[in-house]
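Let's take a walk through this fold, from the strands to the core and then to the charged pairs. Have a look at the model first.

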Amino acid sequence: MNIRPLYDRIVVKRIEEQETTRNGIVIPDSAKEKPQEGEVMAVGHGKRLEDGKLTALDVQAGDRILFGKYSGNEITLQGTEYIIMREDDILGVLDSASQAAKKN
């Protein structure tokens with residue numbers, strides 16, 4: 001990765017969802033909403049508190065997260081779209097147990 005986020009910012013890559021519904025209907029690109037789930041690609045050093053101390057972030061590279069629809073700023077690096085957002089924009093972290101159940 002050619003980018004290093006600062007302070008409490010993180011770099012997220014969206015995880016694409018299925019393109020068809022359960023009944024086999026294909027949804028065109030123009031009607032799809034952007035997914036609100038992503039994988040953390042890089043994290044900053046932490047949030048600086050009022051007393052000057054750094055607090056480590058709760059997420060780390062490789063975590064799957066949920067975030068708000070209009071969170072962060074979108075950028076494109078080498079043809080891949082990423083979002084840079086603050087840790088405060090994260091709604092939750094998906095556990096690996098729920099990811100395994102989702103695949104089955």
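Two strands pair here if DSSP finds at least two bridges between them, and the elements themselves are DSSP runs numbered from the N terminus, with helices being H or I over at least four residues and strands being E over at least two. Keep in mind that this is a predicted model, where local features need pLDDT of at least 70, side-chain atom pairs count only at pLDDT 80 or more, and totals for chains, interfaces and linings use all residues. Residues are numbered from 1 along each chain as its sequence is written, and side-chain values use heavy atoms, with hydrogens and water left out.

Of its 104 residues, 24% are buried, where buried means under 20% relative accessible area, exposed over 50% and partly exposed in between, using a 1.4 Å probe and protein chains only. Take contact to mean heavy atoms within 4.5 Å. Among contacts between residues at least 6 apart in sequence, 64% join residues at least 24 apart.

Strand 2 (residues 37-43) runs antiparallel to strand 5, joined to it by three bridges, and E39 sits opposite R64. Strand 8 (residues 90-94) also pairs with strand 5 in the antiparallel sense, over four bridges; there F67 faces I90. In a regular strand the side chains alternate between the two faces of the sheet. In strand 5, I65 and F67 make up the covered face, while R64 and L66 are on the uncovered one.

Where do I65 and F67 end up? Both belong to the largest nonpolar core, together with I10, V12, V40, L57, V59, I83, M85 and I90. Such a core is a set of buried Ala, Val, Leu, Ile, Met, Phe, Trp, Tyr and Cys residues joined through side-chain atoms within 4.5 Å. Strand 1 (9-14), strand 5 (64-67) and strand 7 (80-86) each give two or more residues to this core. Beyond residues up to four places away in sequence, I65 touches a list including I10, V12, V40, V59 and I90.

Now for the charges. There are four salt bridges in the structure, each a side-chain nitrogen of Lys or Arg within 4 Å of a carboxyl oxygen of Asp or Glu. In one of them, E37 meets R64 at 2.4 Å, N to O. E37 lies in strand 2 and R64 in strand 5, so the pair ties together parts 27 residues apart in sequence. E37 counts as buried because its relative accessibility is 9%, whereas R64 is partly exposed at 22%.

Another joins R86 to D8, with the closest N and O atoms 2.7 Å apart. Because R86 is in strand 7 and D8 in the segment before strand 1, this pair links parts 78 residues apart in sequence. D8 is buried, at 4%.

The side chain of D63 does reach the backbone nitrogen of Q60, at 3.0 Å.

Terms used:
Polar contact = N/O pair within 3.5 Å; in protein donor to acceptor, adjacent residues only side chain to side chain.
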